Number of protein chains: 2
Amino acid sequence: MPSPLSSKYTIFQSDSAIRAKGYITDDAPLRLRMESFVKNLQNRICADIEAIDGKGKFTRSVWERPEFGGEGITCVLSEGNVMEKAGVAVSVIYSELSPEAVRQMREDRGKDINVEGTVPFFVTGISLVMHAKNPNAPTVHLNYRYFEVMNPDGTPNIWWFGGGADLTPVYLFEEDAIAFHQTYKEGCDKFDKSYYPKMKKDCDKYFLNIHRGESRGIGGIFFDDFNSKPAEEIFSLVKELGNRFLPSYTGILNKRKDMEYTEDMVHWQQIRRGRYVEFNLIWDRGTKFGLATPCARVESILMTLPLTARWEYMYEPKAGSREAALEEVLKNPRDWVLLEN
Amino acid sequence: MPSPLSSKYTIFQSDSAIRAKGYITDDAPLRLRMESFVKNLQNRICADIEAIDGKGKFTRSVWERPEFGGEGITCVLSEGNVMEKAGVAVSVIYSELSPEAVRQMREDRGKDINVEGTVPFFVTGISLVMHAKNPNAPTVHLNYRYFEVMNPDGTPNIWWFGGGADLTPVYLFEEDAIAFHQTYKEGCDKFDKSYYPKMKKDCDKYFLNIHRGESRGIGGIFFDDFNSKPAEEIFSLVKELGNRFLPSYTGILNKRKDMEYTEDMVHWQQIRRGRYVEFNLIWDRGTKFGLATPCARVESILMTLPLTARWEYMYEPKAGSREAALEEVLKNPRDWVLLEN
């Protein structure tokens, strides 16, 4: 029996041989097809956002950790015409779970990982956050990831998908919230009518600034540990949802990016940016996990933070104002689309 | 035997009767003398900082949670002449530890709490953060607190002190770092020459942005769970150190507050503000504990955040610059005063 250490490298090398052909066919392992999908999606998103921005360009940093079998591509656009700060990151990690990590996963996540000792795992994903300049245009976040613990022969022993997309407006435009949710609902409904209602609710539950009793934004969809359907079916869903990012956001962005705004609106935007920072640094599991990982690339993890933020003691929007209307909807999440249709 | 619930109220009421006399004498329980000390210190600090600021006034919010026996006074000065944002908070809490919380305290902090069931506790403290406007003037933080688990008759069953003070410059002035440390070393040395070296090291250890491998600032003193000397002796030390806050900071502030500065220096200040936010929201135990406490007053906990902050992807100060000199000292904490003298 090969040692787990060597199995990680054997798998990494056989995957690399497939990659070296220059294309990934439909019979390649799912993990390679997911990797290929997220890299392609990253390129498409960056290209379309650059086109809308008209000025800003994504800087592209490729980082490798050959000793860990880790690789990442982080693209960040700062201070464009339309985007204040936009980051789109992809990572591909081959690494190992220690027996301790396996035990933790069993306990914390209820995972029934049928392995002994140190085991190889793989994870790939895309994540993005875009903070637009115009306070009328919302911030958006997306994340899709695939995790796999491998058998020594490279086949998956245990796997799951996670991800979602959510919108964080500075000012509420109901039509934008409806359009965003509608886009994802339609994607989910193609697979299973029960997906959207559950993922919508889980999104509201996750993106919550618990200490303020207020959601980060107007939600979207969220799922994690998803493996209750055949992997190929979930992968199709993830592709469907990932491909819906550009239509879900660029329509809204194009409608809002040139609207007039005042200094007071920028002020409120900065307060909201502060709440975004609070969620990401205090509650977001991905950020916490990332920052606690030895040798993590901090810049890629914290690219999600806005360019600037503001904290005023006891700030309260005026009753009846548009600012108060946003807070109202953050404190009382709404259903933006009818669940029966 | 009185139920623990009633013992909390009995103690609260007998303490309130002492307070109602209008003064706290030397034979009052230590907890009341500590409360009186921190409230008085808060007043003195606010008065002196207002005098230096010349324009800004501290707003004073008093909050009470009679059902919990909680009370607090939060003073915040925003956008003054000298201060961008300064907060000084005092709190006085009578509450109860559940058997679960006692168990946790035994496990997490190694506390040998000799009690059964729900037990009354008391905690009082002062905390402050001051972010000056001028990038030449440092941010400062202070915190002193006293914790006590009471016997049903109101005498302390177990107690400890914690606290300290530390300085976070935007630009390094070695003379300021030396003066700040010297002030606290002299205070410590009056009691025990071993205090300062240990508290200095513990401060460097605590105020560390672990994910960046960089200290929050140039340190100061820090201690926690301090009960290895008679309580009266530690209380005297705490008073000595608390009283040294104004001399430790106002001299530096007066020297720096009117120095000229450029837009570039403000830019670097905003980057450093971002790091301050990172520490407070990701690593600071007090903030985490506070935000996880049900019914916590969020505004008082987050008053420590700067007015504004900035995050730039892959920001690096120029080699040889004053900005790089600060980073160097944050990555390699120095001894600012000789330890033998």
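In chain A, 44 positive and 49 negative charges have mean positions that lie 1 Å apart. This value, like the others in this report, comes from a predicted model.

## Overall form of chain A

The secondary structure of chain A consists of 11 helices and 10 strands. Chain A has a radius of gyration of 20 Å, close to the 20 Å that the globule rule gives for 341 residues, so chain A is as compact as a globular protein of that length. The C-alpha trace of chain A spans about 70 × 40 × 40 Å along its principal axes.

Of the 341 residues in chain A, 57% are buried. Among the contacts in chain A with a separation of 6 or more, 72% join residues 24 or more positions apart.

Asp225(A) belongs to strand S9 of chain A, which covers residues 219–226. With a relative accessibility of 27%, Asp225(A) counts as partly exposed, because that class lies between the limit for buried residues, under 20%, and the limit for exposed residues, over 50%.

The setting of Glu79(B) is a loop: the residue lies between strand S2 (70–78) and strand S3 (83–97) of chain B. The relative accessible area of Glu79(B) is 41%, and Glu79(B) is therefore partly exposed.

## Aromatic residues

Over all chains, the count comes to 38 aromatic pairs. One of them is formed by Phe245(B) and Tyr249(B), with 5.9 Å from centre to centre and 25° between the planes. This pair is stacked, because planes under 30 degrees apart count as stacked. Phe245(B) and Tyr249(B) both lie in helix H7 of chain B, which covers residues 245–256. Within helix H7, the two residues are four residues apart, about one turn of the helix. Both Phe245(B) and Tyr249(B) are buried.

Chain A contains an aromatic cluster made up of Phe37(A), Tyr146(A), Trp159(A), Phe161(A) and Phe235(A).

Methods: Residues are numbered from 1 along each chain as its sequence is written. Chains are lettered from A and ligands numbered from 1 in the order in which they are written. This is a predicted model: local features need pLDDT of at least 70, side-chain atom pairs count only at pLDDT 80 or more; totals for chains, interfaces and linings use all residues. Side-chain values use heavy atoms; hydrogens and water are left out. The radius of gyration is taken over C-alpha atoms; the globule rule is 2.2 Å times the number of residues to the power 0.38. Buried means under 20% relative accessible area, exposed over 50%, partly exposed in between (1.4 Å probe, protein chains only). Contact means heavy atoms within 4.5 Å. Lys and Arg count as positive and Asp and Glu as negative; His and the chain ends are not counted. The place of a charge is taken as NZ of Lys, CZ of Arg, CG of Asp or CD of Glu. Rings of Phe, Tyr and Trp (its six-membered ring) pair if their centres lie within 6.5 Å; planes under 30 degrees apart count as stacked, over 60 as edge-to-face and the rest as tilted.
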